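Biologist: Shall we go through this model together? I would like to ask what stands behind each label.

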Amino acid sequence: MAKEFAEIPAAKQLMQESDELLHVHLTKTMAEGPEEVLRQTDFTQPAIFLHSILALRFTGDHEVTQAYAGHSLGEFSALCAASSMKFQDALQLVHLRGKLMAEAGKRKPGTMAAIIGMDAKVLKELCEEIETETGNIVRAANYNSPGQIVVSGSVDGVHEAMKRAKDKGVRIAKELPVSGAFHSPLMQYAADGLKEALASTEISKPQVPVFANVSAEPHGEPDSILALLVEQLTSPVRWEESVKNMYDSGIREFVEFGPGKVLQGLVSRTLNDVKVSGIEKPE
């Protein structure tokens with residue numbers, strides 16, 4: 001991850017500063033692995049954040065950006081890109097967020113599963129039925145694109161949701177390799193810890209609109225941003241709705257900054273008359 005950016009002096013300096021700030025060998029792990037370490041959420045989150053910011057800052061001219069959005073931890077990248085949050089603060093918060101989420105997963109074990117091919121309203125009702133009947137937590141956690149939703153909650157709750165979804169004829173109900181029930185009430189420990197850290201973080205109103213995961217609408221004043229970043233940990237990511245709202249605001253080109261093409265795929269499955277591309281390394 002991001003190893004091509006190390007050839008750019010200013011980018012290399014930012015990478016070294018990141019290692020020093022977090023007191024970990026983040027950039028070495030990003031470039032060389034081992035993969036099992038990079039997959040640990042307290043490494044994964046700052047790695048994706050750093051790669052995204054490098055791709056944004058050191059590739060071309062992006063002055064005409066009309067709005068930003070980020071999926072889950074990417075919301076910090078988006079706020080940083082919009083000058084709402086300083087890079088150093090956002091990096092430390094993302095690192096802490098990863099550690100808190102990992103610890104929350106240990107304290108209250110859970111899992112997540114992708115449900116492909118089910119209407120969002122039907123799936124929400126199915127989750128509510130399971131909670132009412134069994135007492136096990138299971139919630140829609142990521143509304144990614146039409147017909148692609150991730151559920152999150154207790155192991156028994158998610159497994160029951162997978163079983164009932166299959167009984168209703170969904171194409172795919174697949175458990176995900178995660179260390180916790182992200183974006184569900186089981187992340188309350190992480191939300192409490194992040195709230196404490198955010199209380200001492202300087203936040204400004206974004207210079208460019210940033211669409212929030214929780215509301216699918218542009219962020220407002222700093223106090224509201226802080227509250228939504230905390231709420232995000234226990235609430236669903238309304239990505240499909242965010243993308244549609246960005247489209248309704250006049251946006252017709254979407255560029256993904258950072259590793260992979262996941263968000264490009266989600267946007268393409270949500271909208272059919274837009275330009276979608278990605279920037280992963282120096283041009």
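Modeller: Ser 83 is partly exposed, with a relative accessible area of 39%.

Biologist: Why is Ser 83 called partly exposed?

Modeller: Buried means under 20% relative accessible area, exposed means over 50%, and partly exposed is what lies in between, with a 1.4 Å probe and protein chains only. Ser 83 has 39%, so it counts as partly exposed. This is a predicted model, in which local features need pLDDT of at least 70 and side-chain atom pairs count only at pLDDT 80 or more, while totals for chains, interfaces and linings use all residues. Residues are numbered from 1 along each chain as its sequence is written, and side-chain values use heavy atoms, leaving out hydrogens and water.

Biologist: Where is Ser 83 found, and what is its phi?

Modeller: Ser 83 sits in the loop between α5 (74-81) and α6 (87-107); helices are DSSP runs of H or I with at least four residues, strands are E runs with at least two, and both are numbered from the N terminus. Its phi is near 60°, a positive value in a residue other than glycine.

Biologist: What makes Ser 18 count as buried?

Modeller: Its relative accessibility is 0%, so Ser 18 counts as buried. Ser 18 belongs to helix α1 (residues 9-22). Leaving aside neighbours within four places in sequence, Ser 18 is in contact (heavy atoms within 4.5 Å) with Leu 50, Phe 87 and Leu 91.

Biologist: And Ala 2, is it buried or exposed?

Modeller: Buried, because its relative accessibility is 2%. Ala 2 lies in the segment before α1, and its phi is near 65°, a positive value in a residue other than glycine.

Biologist: How do you know that strand β2 pairs with β5?

Modeller: Two strands pair if DSSP finds at least two bridges between them. Four bridges join β2 (residues 111-116) to β5, and the two run antiparallel. Ala 114 stands opposite Lys 174 in β5.

Biologist: Which order do the strands of the sheet follow, and why do β3 and β5 stand at the edges?

Modeller: The four strands form an open sheet in the order β3-β4-β2-β5, with antiparallel pairing. β3 (138-145) and β5 (172-175) each have a single partner strand, so one side of each is left without a neighbour in the sheet.

Biologist: Which peptide bond is cis?

Modeller: The one from Gly 33 to Pro 34, with omega near 5°. Pro 34 lies in the loop between α2 (26-32) and α3 (35-38).
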